[in-house]
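Please read it alongside the sequence and the coordinates.

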Amino acid sequence: MVIVKNSSYEYKELRTNVFEILSRLDDNLIKEGSKVIIKPNLLTASRQDKAITTHPLVIKAVTEYVIAKGGRPQISDSPPMGSFDKIINVCGLKDALHGMPVTIREFKTSKPVQTEGKFKNIELSTDVLEADVIINLPKLKTHSQMGLTLAVKNLFGCVIGIKKPQWHYRVGENKNLFAELLVTIYKILSPSINLMDGILAMEGDGPGTGGTPRHIGVLIGSNDALSMDMLVCEMLGIKPLSIPINKIADKMGLAKDFTVSGKVPAVKDFIMPSSTDLLFGPKFAHKLLRRHLTSKPVNIKNACKLCNECVKMCPAEALKNQGKHLEFDYERCIRCYCCLEICPHAALKKQEPFLKKTLERFWDLRYR
Ligand code: SF4
Ligand code: SF4
């Protein structure tokens, strides 16, 4: 079942809604003394009104619920870049949880999990693997590479620090392979409770500063992250299987029928990121196709502060700080758009090649 509730961030209303959803999903999962990992989206140090991170009051209400049930809450994430302390300060989480008996800390250690299929073993956060209960708290956002970042994608934060760009590099620009990795992580962790902050969501070129906040006004809960993601697509007027994660999960036989409780708003004209996946055909042709058919990251004029965050993050070492400007090596670039994701100054955008734009007029490469 997927539960949808209209809500604002007004705390009394929000807390009531969060408690109602969680009590319907909890089914005695959280017991006295249970170690409960609360996994929000804490991507970068940004204010709540930018819609980049899960709203601190949503996290607070969930924490209060866990404490009320006798659980031991720990709020954690592993941001791809930057200081965890700075993120929880800037997004308001530290203030929101001040004085509450809760541990807030970055995921620091991981251990390998053997998997069937392509990936053999994946190192995931020890805290998460040892938790009695995982509460997944994604933010409803667009994602330049994967279309949307919702509940299944949010679990990639359980891969620690530098391992994230390493995975990006290993899977390269193959979105379906990256989706398979994400779905494999979802299968391993299978969070028992998922609650999505879709009150102030993000459209456009998310999930970082390139996206645009959009009020939708919903909280969505489910015991099944994938069903939740499928419903969100329907709500946004997007074909669920146009999103690589959903498509791969469906192929792997993980998609289930689900019922919906509550009124699902019809979100009109939700702006998705421009499509990027035009790599096909034999491998030797990829270089040419990439040049003419995939969007590339470029600087927005005069916006780059040369802070080097993207240079440090780039998994393909395709970025260089040349002192006065940033240089892109597009032959090396794997179009993962991690640089757009983490740039704190909204200084990067995707530029679509002319041929791609032309072809898109004839082919249905979009999400609807
Ligand atoms: S593009 Fe953004 S992240 Fe990269 S150096 Fe410039 S300001 Fe920093
Ligand atoms: S330049 Fe940006 S899009 Fe290209 S590989 Fe590096 S991080 Fe990814």
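Ala, Val, Leu, Ile, Met, Phe, Trp, Tyr, Cys and Pro count as nonpolar, Asp, Glu, Lys and Arg as charged, and the others, Gly among them, as polar. On that scheme, the shell around ligand 1 holds 8 nonpolar, 2 polar and 2 charged residues.

The model is predicted: local features need pLDDT of at least 70 and side-chain atom pairs count only at pLDDT 80 or more, while totals for chains, interfaces and linings use all residues. Residues are numbered from 1 along each chain as its sequence is written, and chains are lettered from A and ligands numbered from 1 in the order in which they are written.

**Ligand shell**

- A residue is near a molecule or strand if its C-beta atom, placed from the backbone, lies within 6 Å of it.
- Ligand 1 is surrounded by residues including Cys-304, Cys-307, Cys-310, Cys-343 and His-345.

**Overall fold**

- The protein chain has 14 helices and 16 strands, where helices (H or I, at least four residues) and strands (E, at least two) are DSSP runs numbered from the N terminus.
- The radius of gyration, taken over C-alpha atoms, is 20 Å, close to the 21 Å that the globule rule (2.2 Å times the number of residues to the power 0.38) gives for 368 residues, so the chain is as compact as a globular protein of that length.
- Along the principal axes, the C-alpha atoms fill a box of roughly 60 × 45 × 40 Å.
- Of the 368 residues, 47% count as buried; buried means 20 or more other C-beta atoms within 10 Å of the residue's own, exposed means 12 or fewer, and partly exposed lies in between, with C-beta atoms placed from the backbone.
- Among contacts (C-beta atoms, placed from the backbone, within 7 Å) with a separation of 6 or more, 75% join residues 24 or more positions apart.

**The eight-stranded sheet**

- An open sheet of 8 strands with mixed pairing runs in the order β4-β3-β2-β7-β10-β11-β1-β12; two strands pair if DSSP finds at least two bridges between them.
- Its edge strands, β4 (103-104) and β12 (260-261), each pair on one side only.
- β7 (residues 133-137) has 5 of its 5 residues buried, with Val-133, Ile-135 and Leu-137 on one side and Ile-134 and Asn-136 on the other.
- β7 pairs in the parallel sense with β2 over 5 bridges and with β10 over 2 bridges.
- Asn-136 of β7 is the bridge partner of Lys-39 and stands opposite Asn-194 in β10.
- Asn-194 in turn has Ser-222 in β11 as a bridge partner; β10 (residues 193-204) and β11 (residues 211-222) pair in the antiparallel sense over 10 bridges.
- Helix α1 (residues 11-26) lies across β1 (2-6), β10 and β11, at about 135° to β10; axes are lines fitted to C-alpha atoms, for helices over the stretch in contact, and angles run from 0 to 180 degrees between N-to-C directions.

**Two single residues**

- Leu-236 lies in helix α9 (residues 225-236) and counts as buried because it has 25 C-beta neighbours inside 10 Å.
- Beyond its neighbours within four places in sequence, Leu-236 is in contact with Val-267 and Phe-270.
- Lys-50 sits in the loop between β2 (35-40) and α2 (56-68) and counts as partly exposed, with 18 C-beta neighbours inside 10 Å.
- Lys-50 is in contact with Thr-209 and Pro-213, neighbours within four places in sequence left aside.

Methods:
Contact = placed C-beta atoms within 7 Å.
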